Amino acid sequence: LTAMGDSSMDPTISAADSTAQQDSLFSMMDVFLISLITGLFTYWFFFRKKKEEVPDLPKMQSVVAPARDSSFIEKMKKTGRNIVVFYGSQTGTAEEFANRLSKDAHRYGLRGMAADPEEYDLSDLSRLSEIDKSLAVFCMATYGEGDPTDNAQDFYDWLQEADADLSGLRFAVFGLGNKTYEHFNAMGKYVDKRLEELGAQRIFELGLGDDDGNLEEDFITWREQFWPAVCEHFGVEATGEESSIRQYELVVHTDVNMNKVYTGEMGRLKSYENQKPPFDAKNPFLAHVTENRKLNEGGERHLMHLELDISNSKIRYESGDHVAVYPANDSSLVNQIGEILGTDLDTVMSLNNLDEESNKKHPFPCPTSYRTALTYYLDITNPPRTNVLYELAQYATDSGEQERLRKMASSAAEGKALYLSWVVEARRNILAILQDMPSLRPPIDHLCELLPRLQARYYSIASSSKVHPNSIHICAVTVEYETKTGRLNKGVATNWLKNKVPDQNGSSSLVPMYVRKSQFRLPFKPSTPVIMIGPGTGIAPFIGFIQERAWLKQQGKEVGETVLYYGCRHEHEDYLYREELARFQKEGVLTQLNVAFSRDQAEKVYVQHLLKNNKENVWKLVNEEMAHIYVCGDARNMARDVQNTFYEIVSEFGNMSQPQAVDYVKKLMTKGRYSLDVWS
């Protein structure tokens, strides 16, 4: 209390002292006010300056591509083109055919361009009649179960929704499909039908290529009748013989910064060193192989299980999706091509498009070395198509070899037969052709221009993301066979994967990959029964399905019957995932395990035979319990035989005629209750 009284009520404080304190207080207030005013002025001044600068946007706007860039009409007008060839391509073949057709046009005094529908606004088709002698051609591949390819999805969606008037449009369609699939050439047929419905004029009949037969011959046969129809329609004539016209020019880089050279990346330079999501076909993720084990106990084949680490990639997948991997060609094949052509494969070069207006500046990422191009970018193991043989013929110094190449590239029946026997059936790749034709020594740059791109390989994912969120599993069999010429041909991707060594920091354990979404999905309700049919490596997605059903059961969900029909050659040789399946059965997740060992007895037993043996149970599950059916594996024989077995079961127990049974199964497919994940 004393202290408080002393400080607050001290009678000894003089008037002078009080005045000095007031003076001091005012001077501090002045300083504060001046500072505040100065600060506010400074803030206002700079704020005002910024505000003046922000609206000045022309430079920023010029960075964004103008909307007209998506107009193929404007591009055609600008470059004097009158034929546009759109391609829906998953593996590169439709794109290759489109390029060949656009190149053909010059022989008739016309100018063509190949175009990716993903890059353009297809509603502009209604304006194509603004261009004289104009024509739109569509090379459309069908993917999966009658689906459009990834790059044609937007075009397909537009066609379904469009009410455009295409009465001025002239068109033709060539479809690429495979007769072993349920929905043969569905995309080509749909585009052809829909364009006509929208008023467009078909100037030549729909072409249906069959990859199960001879797709190249189907294309050539259609093409040789297509061009005369174009000539008749437009009143033009061929200007002369087909000539070899280079699309790209070679530039050799003698003094180049190696940091600007592609070394196998699919899109962005150095993308493998500096990985950035999202990951897709143009930006694959480099996954480490954490496990690579042989699945079979014996036999000549090598069946393997691989696990890819996708930690920190932000990649998401569902059971039933596909994983795409970008393989590399065998270095010994690459070296042999280099030796035969007397080339330094480490030469750094670029192939630049001679058409400066083309969206496709290079046939593959450039600049790069010949070694990189032949290893990562070009397909050197498949038999080359006839256009490649035609272009190469000019370099054969032996007249007999030159004539043979030209004959195989011709549309004459004898030439087609020779191509079929000498190239296709003998499985001669470009190296074998160079070896068997000693006078054929083309420049390596022209060879690189002609060879198609090496494509990603797709595998059904053999894991569930619920159980393995940071890992994708692959089940595959190495492809290896002897050709009619006695050569040993090896599958590019499977042999490359076989040699991937886990837990190594180098490239020997890295796999460029991305995930492709699929319609092959478990039922929404876990209580819905499932019947899974997958012999051989067709078991892959079902391992993921069973893992997921086990996980759902652990979460306390009611899980319906889970039935598997699996097949292999021998019980003690190639019974894949035997231990895992036995464990799932013991845990009660896998309620039925039916295994067909096709070669363990005199008469072969396949999965369809086991289905017939259990036909009453199968019918009950399908008809009464609304089970979903899944078939994975070989399309040519197994999938067809299984489907025929279901027709028989439905006909017998549903008291239906054959046509009614077929209709019943087709309706199951339409409702998503009969799903296929097949290959040929």
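Hi everyone, let's start with a contact: Lys615, Glu616, Val618, Trp619 and Val622 in H20 meet Phe646, Ile649, Val650, Glu652 and Phe653 in H21, where contact means heavy atoms within 4.5 Å. By class, this contact has seven nonpolar, no polar and three charged residues. This is a predicted model, with pLDDT of at least 70 needed for local features and 80 or more for side-chain atom pairs, while totals for chains, interfaces and linings use all residues. Residues are numbered from 1 along each chain as its sequence is written, and side-chain values use heavy atoms, leaving out hydrogens and water.

Back to our helices: H20 (residues 615–624) and H21 (residues 635–653) pack at about 80°, with axes 10 Å apart. That makes H20 roughly perpendicular to H21, a label for angles of 65 to 115 degrees.

Next, the sheet. An open sheet of three strands runs S8-S12-S13, with antiparallel pairing; two strands pair if DSSP finds at least two bridges between them. S8 (248–252) and S13 (368–369) are at the edges with a single partner strand each, so one side of each has no neighbour in the sheet. S12 (residues 348–353) pairs with S13 over two bridges, and valine 348 has serine 369 as its bridge partner.

Finally, which residues do ring pairs link into a cluster? They are Phe97, Tyr108, Phe174, Phe204, Phe219, Trp222, Phe226 and Trp227, where rings of Phe, Tyr and Trp (its six-membered ring) pair if their centres lie within 6.5 Å. Phenylalanine 97 is buried, at 0% relative accessibility, and phenylalanine 174 is buried at 1%; buried means under 20% relative accessible area (1.4 Å probe, protein chains only).

Methods:
Axes fitted to C-alpha atoms, helices over the stretch in contact; angles between N-to-C directions. Helix = DSSP H or I, 4+ residues; strand = E, 2+ residues; numbered from the N terminus. Parallel < 35°, antiparallel > 145°, perpendicular 65-115°, else oblique. Nonpolar A, V, L, I, M, F, W, Y, C, P; charged D, E, K, R; others polar. Buried < 20%, exposed > 50% of the residue type's maximum accessible area, 1.4 Å probe, protein only. Phe/Tyr/Trp six-rings, centres within 6.5 Å; stacked < 30°, edge-to-face > 60°.
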